[in-house]
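Hi,

Here is the structure I promised to pass on.

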Amino acid sequence: LIINKPPGLAVHGGSGIHAGLIEIVRRHFPHAQNWELVHRLDRETSGLVMIAKKRSELRRLHQAFRDNQVHKEYWAVLIGQLDQDYHDVTAPLKKNQLAGGERVVRVDHRFGQSAQTVFEVQGRSKEHTWVLAKPVTGRTHQIRVHAQSLGCSILGDDRYADHKDNQKAKQ
């Protein structure tokens with residue numbers, strides 16, 4: 001099953017979220033109690049989410065993700081200008097938990113897990129760059145943190161972009 005998830009909807013409950021996409025699906029379809037998420041998207045990210053209806057299909061699709069047989073592409077508008085039309089970012093990422101319980105991810109060359117994202121510029125304006133982001137690996141907040149590491153956070157990102165830049169864009 002493939003669902004076009006809107007931004008603002010978590011894919012699963014937890015961390016203060018009572019019900020995410022998978023819980024909603026299970027609640028509305030009584031025969032779906034054993035259906036499982038194949039992968040995840042950040043709550044703020046819109047895009048296609050796959051749900052496996054059989055355990056055998058879940059294993060097959062997980063293997064396809066591990067073997068890089070799944071092609072993933074995301075469009076994003078970045079704040080600022082990238083200096084080149086193509087960037088292959090291979091910065092390792094480490095999850096951190098702040099005192100208030102919020103999880104953030106940072107580039108950490110010593111303790112981070114390997115991560116790779118390719119950014120291809122699709123268009124430019126005076127203050128923004130439209131990119132096609134292709135994550136090769138699938139780490140938490142990967143595209144968002146890799147964009148930030150290039151000096152151009154994703155427009156509208158409340159966690160990794162500068163609040164002033166988001167407010168200016170809204171105006």
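Below is what turned up, starting with the sheets and ending with the charged pairs.

A word on the basis: this is a predicted model, in which local features need pLDDT of at least 70 and side-chain atom pairs count only at pLDDT 80 or more, while totals for chains, interfaces and linings use all residues. Residues are numbered from 1 along each chain as its sequence is written, and side-chain values use heavy atoms, with hydrogens and water left out.

Strands (E, at least two residues) and helices (H or I, at least four) are DSSP runs, numbered from the N terminus. Two strands pair if DSSP finds at least two bridges between them.

E1 is joined to E3 (residues 47-52) by 4 bridges, and Ile 3 has Val 49 in E3 as its bridge partner.

Another open sheet has 4 antiparallel strands in the order E4-E9-E8-E5. Here E4 (74-79) and E5 (86-89) are the edge strands. E5 and E8 (residues 117-124) share 4 bridges, with His 87 opposite Phe 119 in E8.

Strand E4 also holds Val 77. This residue has 35% relative accessibility and so counts as partly exposed (buried is under 20% relative accessible area, exposed over 50%, partly exposed in between, with a 1.4 Å probe and protein chains only).

Now the charges. The structure holds 8 salt bridges, a salt bridge being a side-chain nitrogen of Lys or Arg within 4 Å of a carboxyl oxygen of Asp or Glu. Arg 144 meets Asp 42 in one of them, at 3.2 Å, N to O. That pair links distant parts of the chain, 102 residues apart: Arg 144 is in helix H3, and Asp 42 in the loop between E2 and E3. Arg 144 also forms a salt bridge with Glu 44 (3.3 Å, N to O). Arg 144 is buried, at 6% relative accessible area, whereas Glu 44 is partly exposed, at 43%.

Elsewhere, Arg 124 and Asp 85 meet at 2.6 Å, N to O. Arg 124 lies in E8 and Asp 85 in the loop between E4 and E5, so the pair ties together parts 39 residues apart in sequence. Finally, salt bridges with shared partners join Asp 42, Glu 44, Arg 144 and Asp 157 into one network.

Cheers
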